[in-house]
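Trainee: Could we go through this model together, one topic at a time?

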Amino acid sequence: MELLMQSLKMGINSELYIKDPESSDLGKKIVDNSISMIDEMGFERFTFKKLGLRIKSNESSIYRYFENKHKLLLYLASWYWGWLEYRMVFATNGISDPREKLKKAIEVLTQNVQEDSSVSHINEVVLNRIIIDEYSKSLLVKEVGKEKKDGYFIVYKRLVGRLGKMVEEVDKDYRYPNSLASTVLEGALYQYFLREHFSTLTDCDENITPTEYFTDLVFSTLKKA
C-alpha cells in the first residue's frame, strides 16, 4: 500500500492542488465523494457547493484543497493514469520476451477495471467510468497549452512513453511508437464509450473486448520478430 501511494503521488503535479488531499481525512473524503458525485450527475452539474453539502463541510474547505473543479478533474485523471502505470509496470516486470511484455501491457491498459482494495478511499471502477465519459473535457480546453507546459499531463505522457518503448522493443523499425501507444490508451476509452452508448459504431460487445481489438491492431501493425 505504501509503495503504491508513493508511486502515484510521485507523478501527480503539485500544481493541481493547493493542499495534498492525501494528507488528511477531509481531503480523502473530498476525492472519494467527488468521484461518486461526478459519476452520478456528470461533470457539468457537479459543483463544490453540492460536494460540500454531501460531505457536510463548508464549500470554502474544498477550495483549500482545489482551486476549481477543472483542477480536481485533472487530479483524478492523473491519479487514474498513475494507478494504471503502476499496474502495468507491476504486471510486466520480469517478462523478458518483448512481444509477451507488450501483449501483457495492452491487456492491463485496455481490460475492464477491477476495484483495487489496497486504496480504500478511491473506487477505481467508478473512476474508470468518469475517465471514459469525462477525460476529454480535461484536454479540450483553450488552456491546454499552458497546462501542458505546467506539467499537468506528465503522468499520462510518461505512460504513453513507457508503452511506446515496449512497441520499439518489438519492432525497432516502426516509425510511430508513441502514436500507436497513445492510440491504444485513448482508443480503449473510446471503444468502451461506444460500446455503452453507440454500439453500432464498434465491433466490441459482450463477445469481443477492446483488449482483443487493440492486441490484434498492434500486432498486425508491427513486424513479426
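What follows is a set of questions and answers on the model.

Trainee: What kind of model is this, and what are the ground rules?

Mentor: Residues are numbered from 1 along each chain as its sequence is written, and side-chain values use heavy atoms, with hydrogens and water left out. Local features need pLDDT of at least 70 and side-chain atom pairs count only at pLDDT 80 or more, while totals for chains, interfaces and linings use all residues, since this is a predicted model.

Trainee: How many salt bridges does the count come to?

Mentor: Side chains of opposite charge can pair when their charged atoms come close. The rule for a salt bridge is a side-chain nitrogen of Lys or Arg within 4 Å of a carboxyl oxygen of Asp or Glu. By this rule the count is eight.

Trainee: Is E85 buried or exposed?

Mentor: Buried means under 20% relative accessible area, exposed over 50%, and partly exposed in between (1.4 Å probe, protein chains only). R158 is partly exposed at 28%, and R162 is partly exposed at 37%. E85 has a relative accessibility of 6%, so the term that applies to E85 is buried.

Trainee: Which residue forms a salt bridge with D173?

Mentor: D173 lies in the loop between α10 and α11 (177–197), and its partner lies 50 residues away in the segment after α12 (210–221). D173 is partly exposed, with 45% relative accessibility. The closest N and O atoms of the pair are 3.6 Å apart, and the partner is K223.

Trainee: How many of the 24 residues of α5 are buried?

Mentor: N68 caps the N-terminal end of α5, where a side-chain oxygen lies 3.1 Å from the backbone nitrogen of H70. Just after α5, G94 takes a positive phi of about 95°. The helix is largely enclosed by the rest of the structure, because the number of its residues that are buried is 18.

Trainee: Which helices do the buried residues of α6 pack against?

Mentor: The buried residues of α6 are L102, A105, I106, V108, L109 and T110. At the start of α6, a side-chain oxygen of D97 comes within 3.2 Å of the backbone nitrogen of R99. The buried residues of α6 pack against α5, α10, α11 and α12.

Trainee: Which residues does V170 touch, not counting residues up to four places away in sequence?

Mentor: V170 is in helix α10 and is buried, at 11% relative accessibility. Its C-alpha atom is separated by 5.8 Å from that of R99, 71 residues away along the chain. With contact taken as heavy atoms within 4.5 Å, and leaving out residues up to four places away in sequence, V170 touches P98, R99, L102, L222 and K223.

Trainee: Which residues does S61 touch, not counting residues up to four places away in sequence?

Mentor: S61 lies in helix α4 (residues 59–63) and is buried, with a relative accessible area of 3%. A polar contact is a pair of N or O atoms within 3.5 Å; within protein, one must be able to donate a hydrogen and the other to accept it, and residues adjacent in sequence count only if both atoms are side-chain atoms. Such a contact, of 2.5 Å, joins the side chains of S61 and S57. Not counting residues up to four places away in sequence, S61 touches L26 and I30.

Key
Helices (H or I, at least four residues) and strands (E, at least two) are DSSP runs, numbered from the N terminus.
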